Amino acid sequence: MTLENILKSLISFGLIFVMSSLLIAEENKVENSIENPPVDLIVYGDYVLTMENMDTEGRGIIEKGAVAVSDGKIVAVGPAKEIEISYDAIKTISGEGRILMPGLINGHTHSAMTLLRGLADDLPLMEWLQNYIFPMEGRFVDKEFVEIGVRLACLEMIKGGTTTFADMYFHPKTAVDTIDQCGMRAIIGAPMIDFPSPGFDGWDDSMQAGVKFVRDMKANAHPRITPAFAPHAPYTVSPEHLVEVLEVASQENVPILMHVAESETEVADIKDRYGKRPVEHVASLGMLDHPMAAAHVVHPDEAEITMLAGSKISAVHNPTSNMKLASGVAPVPAMIKAGVKVGLGTDGAASNNDLNMWEEIRMTALLHKVTSGDPTAMPAGDVLRMATSMGAAAIDMESDIGTLTSGKRADMIQLTIDRPHLTPLYNVISHLVYAANATDVVTTIVEGSVLMENGEVTVLDEAAVIAAANKKAEEIKAALAEK
């Protein structure tokens with residue numbers, strides 16, 4: 001064969017090889033596009049705590065795991081290598097040196113009350129409410145107050161890893177608009193009370209406003225914010241009015257948020273008025289059969305715990321607030337043992353004085369050990385469930401949040417474990433309950449949207465939020481000085 005023919009053969013072979021390579025690459029591209037569907041986000045964790053089927057044997061914890069997210073929902077949860085070969089992500093978040101887990105659920109708060117933080121301390125509940133909080137609210141609470149206070153609360157909760165909260169306070173539409181901008185998930189209760197309150201002359205107009213709020217929210221359904229009715233408490237709302245709330249809540253198919261059995265004073269007051277204890281009282285009104293997140297529930301007796309266990313009413317434990325106001329210690333272990341759904345909450349920053357759910361988690365574990373004299377009371381896993389999976393059930397949202405489960409909403413957080421107080425690590429759950437704190441949270445995600453990454457909040461101007469809160473506080477101080 002001549003040199004010319006040899007060169008022609010080589011060129012021909014080269015072209016065939018190149019064409020074959022291109023065809024193979026195209027086939028692989030097609031195959032990969034089929035095998036690896038695109039997702040919006042993959043989040044990794046050295047430890048992925050799913051909160052599903054969690055036990056002392058380590059089930060529910062995936063080492064070197066990942067979660068794939070698309071359209072605000074969790075698509076898959078599993079070992080990182082399996083997720084990587086199954087999905088192509090537009091964005092990824094490293095999990096090196098991090099725990100990935102469901103976002104925390106604050107089952108009871110008054111978010112705008114961040115602006116009353118530290119204003120009245122070291123007082124009994126009724127004196128604190130009637131002589132300080134109610135008068136202060138009547139004087140200062142308006143839409144601007146709520147907007148500034150809620151934005152500050154959202155900033156604090158995002159930085160601390162809370163992704164969902166149940167709120168009851170004035171000007172709920174303003175709260176909804178503010179929370180929407182902040183990207184969080186919430187249940188917002190329209191406030192109702194028998195006497196004059198910010199924006200209302202009394203029961204009739206607060207009830208009418210509450211119904212309008214709920215119906216407007218239902219007509220324009222929000223993917224992250226659920227409306228509710230929030231009568232204040234059995235001692236501030238008459239039986240007739242509570243029945244009115246129950247009837248319209250049933251018609252509109254929305255939950256109720258209410259303080260119940262918070263103090264011994266309340267128990268005595270309700271018994272004097274109606275001849276029943278607080279839980280017995282609401283039961284006699286037919287409220288056991290409607291979803292209600294009852295805040296505090298510090299003083300139920302055994303019969304009332306049995307009533308709650310067979311009902312649609314859950315209890316939300318607020319240990320720090322209860323201790324600060326000397327309201328007592330709720331019988332949480334007994335309620336959980338009986339089958340009551342029990343969540344965790346911070347209450348408002350005026351009675352806590354922060355919105356730090358990690359503090360509530362640790363306090364719950366320790367408080368019930370020391371008061372019972374039993375170091376095995378409230379195991380760490382049970383407490384963590386109260387802030388996640390059981391907490392979701394307590395606010396009737398367990399089908400959407402509370403665990404890292406395929407099909408649920410993508411609400412999750414990462415905590416760094418590369419800190420002295422988290423070193424060494426033997427047990428992830430122990431660390432989260434007894435050692436972790438809000439400053440360890442580095443990533444907060446709600447509905448698949450990243451609200452904080454690497455410790456930087458992406459949805460709010462932190463300096464501007466703090467400046468606005470301080471400015472409003474100066475106005476309040478100046479007004480008080482003029483008294």
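Begin by selecting Asp 122, which counts as exposed because its relative accessibility is 70%, beyond the 50% cut-off. The model in your viewer is a predicted one, and this residue sits in the loop that runs between strand E6 (104-109) and helix H3 (125-140). Display its backbone torsions, and you will find that phi of Asp 122 is near 60°, a positive value in a residue other than glycine.

Select His 171 next, in the loop between strand E7 (162-168) and helix H5 (172-182); although His 171 is not a glycine, its phi is positive, at about 55°. As background to these two stops, most residues other than glycine have a negative phi, and most peptide bonds are trans.

Go to the loop between strand E13 (342-344) and helix H13 (357-372), where Asn 353 lies, and inspect the bond from Asn 352 to Asn 353, which is cis with omega near 20°. Then move to Pro 424, found in the loop between strand E14 (412-416) and helix H16 (428-434); the peptide bond that joins Thr 423 to Pro 424 is also cis, with omega near -5°.

Finally, select Ser 321 in helix H11 (residues 319-324). Is this residue buried or exposed? Ser 321 counts as buried, because its relative accessibility is 0% and the cut-off for burial is under 20%. To see what surrounds its atoms, leave aside the neighbours within four places in sequence and show the residues in contact with Ser 321, namely His 296, Thr 346, Asp 347 and Ser 351.

Notes:
Residues are numbered from 1 along each chain as its sequence is written. This is a predicted model: local features need pLDDT of at least 70, side-chain atom pairs count only at pLDDT 80 or more; totals for chains, interfaces and linings use all residues. Side-chain values use heavy atoms; hydrogens and water are left out. Helices (H or I, at least four residues) and strands (E, at least two) are DSSP runs, numbered from the N terminus. Buried means under 20% relative accessible area, exposed over 50%, partly exposed in between (1.4 Å probe, protein chains only). Contact means heavy atoms within 4.5 Å.
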